Amino acid sequence: MSGEELRLIEANVYNMPVQAIRKYRKDSSEVCCCLKYFIFGFNVLFWMLGLCILAVGVWAWSEKYTFSNLGKLSHVALDPALVLICVGGVTFIIGFTGCVGALRENTCLLAAYAIFLFIILLLELTAGLLGFIFKDWIKMQATDGFQAFIIHYREDPDQQNLIDWIQEDWLQCCGIEGPKDWDKNNYFNCSSQAVGSREACGVPFSCCKRKPNEIIKNKQCGYDVRRKPSEGFFADGWAKISPSENDERNIYERGCVRAGEEWIEANVVHISGVLVFLVTTQILSICFAQNLRADIYAQKAKWH
């Protein structure tokens, strides 16, 4: 064997491992683990959050025996329990598709995840645009909804707790335009004194201003506050109320519609920041899901 042939054999032996290593490195590319487990981890939390909200909503609905008495569904659109069920169900489905889709590298579930987020994003943008254009219509709908809450205040404990939270803790308000709006409720209507309603010409306790250093709020603080100065009704019978006592009623005089408008104007920067954050998060989630799908398709292309 000549020297030239030996050099050729040595060159081939030297080059073979390099080619094998290069081919191995080229074919061993995988789906980005950071992206995959980031989507998985984020949606696990989203999935569990949706499950908790859904469970609370179902529990609240079952506590009111709504499942066995469909006659209570006349104002179901305003039922906080139903809102929790819908929000929890949608959150649960989106979290499930994103979580399982990323973990199993399932392109169909990832596509469904991206589509769901895109639909929600589109609905949010549409609602924001329509809300800006039809502000008066939105105000009218809010007024009608709050009026329904007032009318059915004693009929649904969830609606009662919601309106108490709005009036006492959130907006510090009373009624739609003022305390007089509670005359629309059968229990607080001044004509109810004829049938012995103790709450006649009054307002719920959530309309009362909290006194300094008050630990336990008086649930009867709203009794008789809308009664004329000439007469009143107390637990021990009819009694006179002096004008000075009537003028010192310790309740919120501002309506909740105006209070809501003022709250939005005062917190417009914070609200805008939250909305921008939500929209940005949704857009990034859609992009991440699409990038992961592209990586999966690129990996599958090497199998053929």
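Which cysteine does a disulfide join to Cys-190? In the predicted model examined here, the partner is Cys-201, and the S to S distance is 1.8 Å. The torsion about the S-S bond of Cys-190 and Cys-201 is about 120 degrees, so this disulfide is right-handed. Both Cys-190 and Cys-201 lie in the loop between α6 and β1, so the pair ties together parts that are 11 residues apart in sequence.

A search of the whole structure returns 4 disulfides. One of them joins Cys-174 to Cys-207, with an S to S distance of 2.1 Å. The pair links distant parts of the chain, 33 residues apart, with Cys-174 and Cys-207 placed in the loop between α6 (157-170) and β1 (232-234). A torsion of about 85 degrees is found about the S-S bond of Cys-174 and Cys-207, so the disulfide is right-handed. Cys-174 and Cys-207 are both buried.

A further disulfide is formed by Cys-208 and Cys-221, whose sulfur atoms are 2.2 Å apart. Here the torsion about the S-S bond is about 110 degrees, so the disulfide of Cys-208 and Cys-221 is right-handed. Cys-208 and Cys-221 are 13 residues apart, each in the loop between α6 and β1, and the pair links distant parts of the chain. Cys-208 is buried, at 2% relative accessible area; Cys-221, by contrast, counts as partly exposed at 24% relative accessibility. With bonded cysteines counted along the chain, the disulfides of the protein follow the pattern 1-8, 2-5, 3-4, 6-7.

Other cysteines were also considered. For Cys-33, the closest cysteine sulfur is that of Cys-32, at 6.9 Å, which is too far for a bond; a disulfide requires the sulfur atoms to be within 2.5 Å. Cys-33 counts as partly exposed, with 43% relative accessibility. Cys-287 likewise counts as partly exposed, at 37% relative accessibility.

The surface carries a nonpolar patch of about 860 Å², made by Leu-129, Leu-130, Phe-132, Ile-133, Phe-134, Trp-137, Ile-138 and Met-140. Two helices, α4 (107-133) and α5 (135-151), each supply at least two residues of this patch. The most is given by α4, with 4 residues. Among the patch members, Met-140 has its place in helix α5 and counts as partly exposed, at 43% relative accessibility. Phe-132, another member of the patch, also takes part in a contact with a charged residue: Lys-135 lies over the face of the Phe-132 ring, at 5.7 Å from the ring centre.

Contacts between aromatic rings were examined next. A pair of aromatic rings is described by the distance of the centres and the angle of the planes. The count comes to 10 aromatic pairs. In one of these, the rings of Trp-47 and Phe-96 have their centres 5.4 Å apart and their planes at 70 degrees, so the pair is edge-to-face. This pair links distant parts of the chain, since Trp-47 is in helix α2 (residues 33-63) and Phe-96 is in helix α3 (residues 80-103), 49 residues apart. Both residues are partly exposed: Trp-47 has 23% relative accessibility, and Phe-96 has a relative accessible area of 33%. Together with Phe-92, Trp-47 and Phe-96 form one aromatic cluster.

Notes:
Residues numbered from 1 in each chain as written. Predicted model: local features only at pLDDT ≥ 70, side-chain atom pairs only at ≥ 80, totals over all residues. Heavy atoms only, no water. Buried < 20%, exposed > 50% of the residue type's maximum accessible area, 1.4 Å probe, protein only. Patch = residues over 30% accessible without salt bridge, like charges linked within 9 Å, V, L, I, M, F, W, Y side chains within 5 Å. Areas by Shrake-Rupley, 256 points an atom, 1.4 Å probe, with all protein chains shown as cover. Salt bridge = Lys/Arg side-chain N within 4 Å of Asp/Glu carboxyl O. Phe/Tyr/Trp six-rings, centres within 6.5 Å; stacked < 30°, edge-to-face > 60°. Lys NZ or Arg CZ within 6 Å of the ring centre and 35° of its normal.
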